[in-house]
Amino acid sequence: SINEGKLLNKVKFQKIENPKISVITSVYNQNQYILRFLRSIQNQFFDDIEIVFVDDCSKDNSVELIKKYQKEDPRIRLIKHKNNRGTLISRNDGIIASKGEYIMIPDVDDMLSENNLYNCYETAKLNNYEMIRFNIYIGEQKVFFDKIVDNLENRPVYQPELTTYLFYGLGYLKQIDFNLSNKFIKRDAYIRALNSMNEFYLNQYMTNLEDGTMNYILYRTAKSFYFLRKIGYYY
């Protein structure tokens, strides 16, 4: 279920020094989505997290809102850019600064299902999977997509089969996609992917198609991948 902007449990949130999961999102003039996004994280059936907002030099009151919500939830961290640097660099700055064993990179104008973090964490720990892809539910306005981006089955994939999917599986049974928001990733695996990339790309200002190359590198460098057939994301 989705409760837009509502806090389901009136609990006192506790700061986690070494969180199991870091949820990282980039913000740029998106104040109207912050509370709805935040509540979808706070309403998770999993509390051992940190929530990292990277403000990319917003001109609205996004920073003020995030600081306000920090007072009720000390798990929230705020990183502020002095100059607008684009989505790619904002995400990577947040990931590098994060402390979690695993990371997620949802967009601030979307929401997570309430059991998503629990499902992903338990699945990842089961066999030390480095990446998990979960299903996305597509809103009514996105008529050019299928209603649900579906993994079709629960199953693991290991290298070198994962690289084979990358080169031959794009579009085939939706085995490959170029989203980052529907991935649950071991932080070490993401940092390994960053370290394998060219500095020129990592310093580019990008606000469109920034997911594509990062996904490509992750599919090449991740040791294991799991298709989780559960809706975890509302687009």
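This note goes through selected features of a predicted model, point by point.

1. Basis of the note. The structure is a predicted model, in which local features need pLDDT of at least 70 and side-chain atom pairs count only at pLDDT 80 or more, while totals for chains, interfaces and linings use all residues. Residues are numbered from 1 along each chain as its sequence is written, and side-chain values use heavy atoms, with hydrogens and water left out.

2. Helix H3 and its covering. Helices (H or I, at least four residues) and strands (E, at least two) are DSSP runs, numbered from the N terminus. H3 is mostly covered, as eight of its 11 residues are buried, where buried means under 20% relative accessible area, exposed over 50% and partly exposed in between (1.4 Å probe, protein chains only). The buried residues are Thr87, Leu88, Ile89, Ser90, Arg91, Asn92, Gly94 and Ile95.

3. Ser90 within H3. Ser90 is found in helix H3, which spans residues 87-97, and it counts as buried because its relative accessible area is 0%. Leaving aside neighbours within four places in sequence, Ser90 is in contact (heavy atoms within 4.5 Å) with Ser26, Val54, Asp56 and His81. For Val54, which lies 36 residues from Ser90 along the chain, the C-alpha atoms of the two residues are separated by 6.0 Å.

4. H3 against H6. H3 packs with helix H6 (residues 187-195) at an angle of about 130°, their axes being 10 Å apart; axes are lines fitted to C-alpha atoms, for helices over the stretch in contact, and angles run from 0 to 180 degrees between N-to-C directions. That angle makes H3 oblique to H6, since angles under 35 degrees count as roughly parallel, over 145 as roughly antiparallel, 65 to 115 as roughly perpendicular and the rest as oblique. On the H3 side Asn92, Ile95 and Ile96 take part, and they meet Arg187, Tyr190, Ile191 and Leu194 in H6. The residues of this contact divide into five nonpolar, one polar and one charged, with Ala, Val, Leu, Ile, Met, Phe, Trp, Tyr, Cys and Pro counted as nonpolar, Asp, Glu, Lys and Arg as charged, and the others, Gly among them, as polar.

5. Aromatic pairs. A search of the whole structure finds nine aromatic pairs; rings of Phe, Tyr and Trp (its six-membered ring) pair if their centres lie within 6.5 Å, and planes under 30 degrees apart count as stacked, over 60 as edge-to-face and the rest as tilted. Phe37 and Phe53 form an edge-to-face pair, with 6.0 Å from centre to centre and 70° between the planes. This pair links distant parts of the chain, 16 residues apart, with Phe37 in helix H1 (residues 31-42) and Phe53 in strand S2 (residues 49-55). Both Phe37 and Phe53 are buried. Elsewhere, Phe46, Tyr102, Tyr121 and Phe184 form one aromatic cluster.

6. Asn119 has its place in helix H4 (residues 116-127) and is buried, with a relative accessible area of 12%; not counting residues up to four places away in sequence, Asn119 touches Leu228 and Lys230. Asn128, in the loop between H4 and strand S6 (131-137), has a phi near 55°, a positive value in a residue other than glycine, and is partly exposed at 45% relative accessible area.

7. Backbone points to check by eye. Cys57, in the loop between S2 and helix H2 (62-70), also has a positive phi, near 65°, and counts as partly exposed because its relative accessibility is 25%. A cis peptide bond, with omega about 5°, joins Gln159 and Pro160, and Pro160 is found in the loop between strand S8 (155-158) and helix H5 (161-168).
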